[in-house]
Amino acid sequence: MTITPLKKSLDVKIARIRADSSCRDFILADAKDADMGLGIAAPGPSQRGSAWPFRSLDEYRELMREIVRQGLVDIMLMSPSSSEQMAINEGLFEQSSVTPAARANDATDIWLGQSGVYTSQPSRSFHTASIPQIQFGSDTSTDGISRVDLGLYSVTLNNDTVLDREALECFREFRSRSVAVGFRYFLEVFAPNAPTNRIADVPRFVNDSIARILAGVVQASRPLFLKMPYFGPAALEALCHYDSSLVVGVLGGSAGTTHDAFRLVEQAKKYGARAALFGRKINQAEDQISMIRLLRGVADDEISPDEAVRAYHAELKRLGRHPNRSLSDDLILTDPALS
């Protein structure tokens, strides 16, 4: 049983997209699960004048609360410990249209702390929290009510038979556990992080991997939607053409410029995606509330990316916030996939 006093915008949009793949709805997710990988740098840079280089976990969570109260994202993705605090202990989402979600696995390729070298090695599967712990905050439920019924599961394949088979076996076990308890998930497929054997065409490798993986997944255990890197129009269109029933989303990637973030939403939507999940692009913004408001404007076809950059800088000036870049520098596209 799941408490849903308010209709969740995610559920409304997914239903409309599945009924009509040409519909213009677009799902936005804020990824505030970086503490699963980045360590103490996860909350992002402190405001100017702070004695510490990074925000505290308390500050990180307060930003999550503000964004949920704003109500413009469809999903707030958190670590299981953050989702326990806000979704279970505080009931933050019970009167919100935003859907809480938790990272359901933390394979080694997201272990990005500055003191380690894990990302130089091929990804290995791992999960810290169990599905019941995400749903109820413990391994057993006291009232049978799941306050978090959505998780992100990530897979990274590296063109290695042994390692990739291990990753897909773990994914199969996760699907079996999730179906048994009515836990929904969306699937993240990363680009290879340290391929054992050479891959001549990474976008094709990722597309082929997605098609092959999902070919063996029956409807009852398919992901709600897909999250993957944006490799450019050709690769995205090829996947959307191959399976029109698949709701494809893109991940935000590195922080880049503000124009990178807005242009990614526009291009992803133009070439078939219906969702985008942003982590660093939101978390490193000078004002996250303003950034999200304009991301929603671009996603809903209300403003163009370059107009949104100018509007963002005007808002920073009004708020008395010092921008990280000049307007001219922030209008530059730095992601080659967007050029």
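The protein has twelve helices and eight strands, taken as DSSP runs (H or I of at least four residues for helices, E of at least two for strands) and numbered from the N terminus. This is a predicted model, in which local features need pLDDT of at least 70, side-chain atom pairs count only at pLDDT 80 or more, and totals for chains, interfaces and linings use all residues. Residues are numbered from 1 along each chain as its sequence is written, and side-chain values use heavy atoms, without hydrogens and water.

The C-alpha trace spans about 50 × 50 × 45 Å along its principal axes. Of the 339 residues, 52% count as buried, meaning under 20% relative accessible area, with exposed over 50% and partly exposed in between (1.4 Å probe, protein chains only).

Seven aromatic pairs are present. Rings of Phe, Tyr and Trp (its six-membered ring) pair if their centres lie within 6.5 Å; planes under 30 degrees apart count as stacked, over 60 as edge-to-face and the rest as tilted. Two of the pairs are tabulated.

| Pair | Centre to centre | Angle between planes | Class |
|---|---|---|---|
| W111 and Y118 | 4.9 Å | 90° | edge-to-face |
| F186 and F225 | 4.5 Å | 10° | stacked |

W111 counts as partly exposed because its relative accessibility is 26%; Y118, at 42%, is also partly exposed. Both F186 and F225 are buried. F186 lies in strand 5 (residues 184-190) and F225 in the loop between helix 6 (202-215) and strand 6 (226-228), so the pair ties together parts 39 residues apart in sequence. Ring pairs also link Y153, F171, F174 and Y185 into a cluster.
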